[in-house]
Amino acid sequence: MSKNLSKGYDGQTGIVIRFDDIAPNMNWEMMDKCEIILNKFNIKPVLGVIPNNKDEELLNYPVKEKFWDTVKKWELDNWTIAMHGYTHVYDQETNKMDFFGYGGRSEFCGHSLNEQNSRLKKGLQIFKENNIKIKTFFSPNHTYDSNTFEALINNNIYQVIDGYGLSPYKYKNIKFIPQLFYKLFMLPYGIQSTQIHLNYWKNEDFENFEKFIEKNYRRIISLDEAFSKTNNRFINKFINIFFEKTLKFKRKFF
Ligand SMILES: [Zn+2]
């Protein structure tokens with residue numbers, strides 16, 4: 001972030017712009033429009049790339065040739081490329097036994113450590129073949145279990161963008177950035193991440209995004225900046241637990 005743009009950022013309040021479901025098939029028209037506005041404000045977002053997309057619903061979107069060249073271009077431009085699942089196909093029920101208690105279907109949570117390890121390895125191999133470095137992961141449908149975390153560590157991934165709280169925190173050697181709301185929403189305090197699904201966007205959503213960026217760009221930070229704020233002080237732990245309890249109930253309404 002340039003000096004000019006970081007002016008006004010107090011170090012305690014910030015938001016990371018996270019895009020989900022980045023794959024060869026997606027709403028490229030929206031992506032192109034977002035790219036223009038992000039570059040205009042020198043914002044470095046996180047792109048959750050699905051390395052081997054087999055999700056039937058997502059495969060319906062227009063395909064981009066030379067997808068990996070585009071991903072490389074983003075990486076060279078200091079956008080963060082994160083791994084978002086392997087195939088994005090949900091083949092397990094979590095029965096609400098997932099780490100964050102969201103429930104729903106899952107690609108990782110519920111599978112054996114071996115299987116989760118293997119999915120991660122196969123996904124990472126695709127990134128490697130395309131010369132993309134991966135340090136960060138977030139799971140399709142926010143679903144994790146202890147095997148997911150163990151498999152991530154086995155594969156040298158120590159950063160996850162998901163979970164409750166008002167500041168980045170560390171658990172089992174993994175650093176987390178909280179992801180609280182479905183809608184674009186700037187809290188008056190704390191560091192968190194958005195989740196943006198361009199495939200579902202209409203023009204109105206883009207206009208809202210544009211307004212959000214224009215209003216909040218001083219508080220939009222890169223993933224590295226966010227992780228540098230990792231804080232395990234008692235007071236933050238307390239706030240994070242408080243938010244977990246309240247949001248587990250309220251989350252679906254935001
Ligand atoms: Zn997804």
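**Entry: Thr 143**

I started at Thr 143, which counts as buried because it has 28 C-beta neighbours inside 10 Å. I kept in mind that I was reading a predicted model. Thr 143 sits in the loop between β7 and α5. Which residues does Thr 143 touch, leaving aside those up to four places away in sequence? I listed Thr 94, Asp 98, Tyr 102, Gly 104, Ser 106, Phe 108 and Cys 109. I also checked Phe 99, which is 44 residues from Thr 143 along the chain. Their C-alpha atoms are separated by 6.8 Å.

**Entry: Asn 141**

I stayed in the loop between β7 and α5, where Asn 141 is also found. Asn 141 counts as partly exposed, since it has 18 C-beta neighbours inside 10 Å. The cut-off for buried is 20 or more. I then read its backbone: phi of Asn 141 is near 65°, a positive value in a residue other than glycine. I noted the general rule beside it: most residues other than glycine have a negative phi.

**Entry: helix α5**

I moved on to α5, residues 146-154. Which residues of α5 are buried? I found Thr 148, Ala 151 and Leu 152. Seen down the axis of α5, the buried residues fall within an arc of 105°, so they line one face of the helix. I looked up what they pack against: α4, β7 (136-137) and β10 (174-177). Just after α5, I came to Asn 156, which takes a positive phi of about 60°.

**Entry: α4 against α5**

I took the helix pair next. Two packed helices are described by the angle between their axes and the distance between the axes. Helix α4 covers residues 113-129, and its axis comes within 9 Å of that of α5. The two axes cross at roughly 45°. That angle makes α4 oblique to α5. I recorded the crossing as right-handed.

Which residues make the contact? From α4 I wrote down Leu 113, Gln 116, Asn 117 and Leu 120. From α5 come Asn 147, Thr 148, Glu 150, Ala 151, Leu 152 and Asn 154. Sorted by class, this contact has 4 nonpolar, 5 polar and 1 charged residues.

**Entry: α2 against α6**

I looked up another helix pair: α2, residues 28-40, and α6, residues 203-216. Their axes are 11 Å apart, and the helices pack at an angle of about 15°. Angles under 35 degrees count as roughly parallel, and α2 and α6 are therefore roughly parallel to each other. Is the crossing of α2 and α6 left-handed or right-handed? I found it right-handed.

On the α2 side, I listed Met 30, Lys 33, Cys 34 and Ile 37. They meet Phe 206, Phe 209, Glu 210 and Ile 213 in α6. By class, the contact of α2 with α6 has 6 nonpolar, no polar and 2 charged residues.

**Entry: Ile 81**

I turned to strand β4, residues 80-83, where Ile 81 lies. Is Ile 81 buried or exposed? Ile 81 is buried, because 21 other C-beta atoms lie within 10 Å. Leaving out residues up to four places away in sequence, Ile 81 touches Leu 47, Val 49, Val 71, Trp 74, Glu 75, Ile 132 and Ile 134. I also took a distance to Phe 137, which is 56 residues away along the chain. The C-alpha atoms of Ile 81 and Phe 137 are separated by 9.1 Å.

**Entry: two exposed loop residues**

I picked Asn 173, in the loop between β9 (169-171) and β10. Asn 173 is exposed, because it has 9 other C-beta atoms within 10 Å. Its phi is positive, about 70°, although Asn 173 is not a glycine.

Then I went to Glu 57, in the loop between β3 (46-49) and α3 (67-76). Glu 57 counts as exposed, with 10 C-beta neighbours inside 10 Å. How many residues apart in sequence are Glu 57 and Val 89? I got 32, with 9.7 Å in space, C-alpha to C-alpha.

**Entry: the whole chain**

I finished with the totals. The secondary structure comes to 8 helices and 11 strands. The chain has 254 residues, of which 36% count as buried. I also looked at contacts between residues at least 6 apart in sequence. Of these, 76% join residues at least 24 apart.

Methods
Residues are numbered from 1 along each chain as its sequence is written. This is a predicted model: local features need pLDDT of at least 70, side-chain atom pairs count only at pLDDT 80 or more; totals for chains, interfaces and linings use all residues. Helices (H or I, at least four residues) and strands (E, at least two) are DSSP runs, numbered from the N terminus. A residue is buried if 20 or more other C-beta atoms lie within 10 Å of its own, exposed if 12 or fewer, and partly exposed in between; C-beta atoms are placed from the backbone. Two residues are in contact if their C-beta atoms, placed from the backbone, lie within 7 Å. Axes are lines fitted to C-alpha atoms, for helices over the stretch in contact, and angles run from 0 to 180 degrees between N-to-C directions. Angles under 35 degrees count as roughly parallel, over 145 as roughly antiparallel, 65 to 115 as roughly perpendicular and the rest as oblique. A crossing is left-handed if the near helix is turned anticlockwise from the far one by less than a right angle, and right-handed if clockwise. Ala, Val, Leu, Ile, Met, Phe, Trp, Tyr, Cys and Pro count as nonpolar, Asp, Glu, Lys and Arg as charged, and the others, Gly among them, as polar. The arc is that of the directions from the helix axis to the C-beta atoms.
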